[in-house]
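Biologist: Please show me the model, and then we can go through it by question and answer.

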Amino acid sequence: MFISPKRACLAVTTSVVAILSMTGVVAAASAMMAATQGPYTIDTYVEPGSLAPGSDEWQAAFSVDQFDTRDPYPPRISTEGAKKLSVTYKGKALGLDIGRVFITADLTDTTYRMTYKVQTDGVVRWLDQTEQDVISYGLLDGSEMTALFYERDEREGDDTKLIELTRPAPGARFRYWTDPYTELVHPVMPDIGLQTVDPLAALAQLGFIEVPEGQEPCTRNVAVYDGRRRFDMRMEPAGTANLSRRGSKRYSGFTYKCRVFMNKVAGYNQKNLEDEFDGDGFVYLAPMPESVASKNFTYMPVFLEGKTGILSATLEAKAPTMILPDGTKVELWKN
């Protein structure tokens, strides 16, 4: 069977984006995972300019208060005494390098701070030169997380997009700012938007934090909101797997294999729902070594895989390293 290189690269690009989003770190871009319509407000539309931001009608329809300036007093947290994880995920498809994802996670018993950077490489850059830098931080209480700050910087050539989502305290409404300005017309109501985390914070809930006693590591559901779109990321058990090291500084050994699903809930129009590729997404979680494991660092995503038709793309953790509060460096691929 002949596959057009351009068509294959487009599918591979889609696969890469899907793999990133199945960890919750790229909102609104899980084109490869079959998405089912949520029961809430998909395809609900508000005529531009018909609601004044801050009005009672606006606050009933949207989970954010929208402003034309950045938050002058964003919330602050301390990550003093945190364990710091640093890892690079290398992407491959059709035997080619297609991109890298750089992630750091600082987690204490009560706070978290995460950074994320995506860079496309090789042939994929012919078709998609988008790069992203993302920051997220907030509060932790066991498996409960309160997202306080989320910033995403997207760049493609000369085009840029900045997004800032903040909240002053747990339970408060979100504050939303974008440059260039994005007019919100698809509502995400407060009853489904406020009890959520941002896409990067969802990575910690899906891949790092322990699950309640008696629950499978892959049994997780996270409500996610990026200021515009509300969706659920869900994992369910798909067995276990022993990974063999496929390069230097890769993890080798036992993992839990988790199937990943996305359910679009609100903030989408019908076109967003139709632009879907059927496929499967999987994430492989490795248990943290006992020497560094804690309730907020119990597992680590070490391999991610997306498939659509005969094409597949993967992200594999390279050189995962943890720095303990006393400065001790633990090279996790050696454990």
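Modeller: A nonpolar core is a set of buried Ala, Val, Leu, Ile, Met, Phe, Trp, Tyr and Cys residues joined through side-chain atoms within 4.5 Å. Buried means under 20% relative accessible area, exposed over 50%, and partly exposed in between (1.4 Å probe, protein chains only). This is a predicted model, where local features need pLDDT of at least 70, side-chain atom pairs count only at pLDDT 80 or more, and totals for chains, interfaces and linings use all residues. Residues are numbered from 1 along each chain as its sequence is written, and side-chain values use heavy atoms, with hydrogens and water left out.

Biologist: Which residues have the most contacts inside the largest nonpolar core?

Modeller: The largest nonpolar core has 74 residues. Helix α4, residues 199-207, gives the most to this core, with six residues; helices (H or I, at least four residues) and strands (E, at least two) are DSSP runs, numbered from the N terminus. The residues with the most contacts inside the core are M114 and F208.

Biologist: Which residues does M114 contact, leaving aside its neighbours within four places in sequence?

Modeller: Contact means heavy atoms within 4.5 Å. With those neighbours left aside, the contacts of M114 include L200, L203 and A204.

Biologist: Is E216 buried, partly exposed or exposed?

Modeller: E216 sits in the loop between α4 and β10. Leaving aside neighbours within four places in sequence, E216 contacts V211 and P237. Its relative accessible area is 44%, so E216 is partly exposed.
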